[in-house]
Amino acid sequence: MDTHTIDTADTPEPQPEEDTPWLTAREQRMWRAHLEVAKLLEYQLSRELQPHSLAINDYEILVVLSEAPDHRMRMTDLATATLQSKSRLSHQITRMENAGLVLRQECPNDRRGLYAHLTEQGWETMQRVAPDHVRSVRAHFIDRFTPEQLDAIYEALAPVADHLRGLRGRS
């Protein structure tokens with residue numbers, strides 16, 4: 001048997017080019033603008049968090065934990081809330097623990113479960129950084145739209161987010 005042969009029994013057949021629903025020029029323009037804005041906005045917000053010694057993912061975790069009851073959340077729920085894999089979140093939490101921002105705590109009713117808990121230093125960091133971050137979000141995104149545009153963008157994006165959240169829940 002040739003060891004370089006690939007079993008294609010479970011590989012989907014490539015779609016003929018004429019069956020591909022190519023994007024129109026209008027759709028392509030919108031799609032590329034979305035990608036560019038998402039990347040540029042994350043880049044800019046990340047740059048503006050650097051003086052606070054935070055990455056954008058650190059800040060997101062601080063926000064989620066600051067809004068959670070008792071400033072703590074099960075690690076699996078935190079991974080879901082921040083759209084991170086459990087492994088990536090674990091590495092991130094280790095870095096944040098080393099910086100004194102969070103602590104891992106055992107779940108009293110589940111010996112395998114862990115909580116991420118916002119420390120006093122993490123809470124103080126959140127309170128100190130949040131005003132600057134909100135000003136950045138406002139300056140680089142929110143204030144670029146009229147109130148009507150903000151409503152329209154939300155109405156357009158909410159069903160996409162719902163759809164993608166539903167897919168994420170599938171195995």
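Biologist: Which residues of helix 2 and helix 5 meet, and what makes that a contact?
Modeller: I56, Y59, L62, V63 and S66 in helix 2 meet G122, W123, T125, M126, V129, A130 and H133 in helix 5. Contact means heavy atoms within 4.5 Å. This is a predicted model, where local features need pLDDT of at least 70, side-chain atom pairs count only at pLDDT 80 or more, and totals for chains, interfaces and linings use all residues. Residues are numbered from 1 along each chain as its sequence is written, and side-chain values use heavy atoms, with hydrogens and water left out.

Biologist: And what makes a stretch a helix in the first place?
Modeller: Helices are DSSP runs of H or I with at least four residues, strands are runs of E with at least two, and both are numbered from the N terminus. The protein has six helices and three strands, in the order α-α-β-α-α-β-β-α-α from the N terminus on.

Biologist: How are helix 2 and helix 5 angled to each other, and why is it called that?
Modeller: Their axes come within 10 Å and cross at roughly 115°. Angles of 65 to 115 degrees count as roughly perpendicular (under 35 is roughly parallel, over 145 roughly antiparallel, the rest oblique), so helix 2 is roughly perpendicular to helix 5. The axes are lines fitted to C-alpha atoms over the stretch in contact, with angles from 0 to 180 degrees between N-to-C directions.

Biologist: How do you know whether S66 is buried or exposed?
Modeller: Buried means under 20% relative accessible area, exposed over 50%, and partly exposed in between, with a 1.4 Å probe and protein chains only. S66 has 16% relative accessibility, so it counts as buried. S66 touches H71, L118, W123 and M126, leaving aside residues up to four places away in sequence. Of the protein's 171 residues, 24% count as buried.

Biologist: What makes a group of residues a nonpolar core?
Modeller: They must be buried Ala, Val, Leu, Ile, Met, Phe, Trp, Tyr and Cys residues joined through side-chain atoms within 4.5 Å. The largest one here has 25 residues, and L65, L78 and I93 have the most contacts inside it. Helix 2 gives the largest share, six residues.

Biologist: What does I93 touch?
Modeller: Not counting residues up to four places away in sequence, I93 touches I61, M75, L78, V102, R104 and A116.
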